[in-house]
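I opened the model today to look up its nonpolar cores and one of its helices. My entries are below.

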Amino acid sequence: MIIITEFKPEHFSEVIALGNLVHGDNYLDTPSIEKIYHYSIKNKINASFVALLDNHVVGFRLTYAAGLWPLDKWCSSNLWPIPSEDVCYFKSNTLHPSVRRNGLGGKLLNASIAALKQQGAKGGICHVWQQSPGNAAFRYFSKAGGKTVKIHPDRWVNDGAESGYVCTLCGNECHCDAVEMFLEF
């Protein structure tokens, strides 16, 4: 039986391993996961969750609380229907291949949204990996109510040089596109 629970430091190593397995080498590391963890918590409420099977991480939803994360050049806040201080950032939804296609991604997202509402957020954005197999990431976020804001070509092109990220499709120089999507709740 899969259990969804709050993301905690005891999950860091397994979340890093699963993220790198699914998204590519150096997608996550200890400094980045510690930063994500701190961006997740507002008013003592954590917006990030893990899915556990036999006490092992098989999925996660990492989310930054509204007002705690830095907007960057990939954020089109002028196109969002809500002021940026009320907007969270859906960083990553990742599932082990063995547990996909059973609604677990949606359950993790719903757990995150419930926590975000308690934190005071009114909506969230994400940068969906458009080249995900079968464009599953876009379909998943669209099904949840996400609306396309803008497409960002080559969103992760510099990540290989900056962090050593190795895209599963492109290698060290990722040319995948990101679909900036907004989800109002």
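These notes take the cores first and then helix 3. I am working from a predicted model.

Entry 1, the largest core. I looked up the largest nonpolar core and found 24 residues in it. Val15 and Ile33 touch the most other members. I then listed the elements that give two or more residues to this core: helix 1 (12–23), helix 2 (30–40), strand 4 (49–53), strand 5 (56–64) and strand 6 (87–95). Helix 1 gives the most, with five residues.

I left aside the neighbours within four places in sequence and asked what Ile33 is in contact with. The list is Phe7, Phe12, Val15, Ile16, Leu28 and Leu62.

I also noted another core, of 14 residues, lying apart from the largest one. Val128, Phe141, Val179 and Leu183 are among its members.

I checked the span of helix 3, residues 104–119. Its 16 residues reach 23 Å from the first C-alpha to the last, close to the 22 Å expected at 1.5 Å a residue. Buried in this helix are Leu104, Gly105, Leu108, Leu109, Ser112, Ile113, Ala115, Leu116 and Gln119. Just after the helix, Gly120 takes a positive phi of about 105°.

Why does Ser112 count as buried? Ser112 counts as buried because its relative accessibility is 0%, and the cut-off is under 20%. Not counting residues up to four places away in sequence, Ser112 touches Ala47, Phe49, Arg61, Thr63 and Phe90.

Notes: Residues numbered from 1 in each chain as written. Predicted model: local features only at pLDDT ≥ 70, side-chain atom pairs only at ≥ 80, totals over all residues. Heavy atoms only, no water. Core = buried A, V, L, I, M, F, W, Y, C linked by side-chain atoms within 4.5 Å. Buried < 20%, exposed > 50% of the residue type's maximum accessible area, 1.4 Å probe, protein only. Helix = DSSP H or I, 4+ residues; strand = E, 2+ residues; numbered from the N terminus. Contact = heavy atoms within 4.5 Å. Expected span 1.5 Å × (residues − 1).
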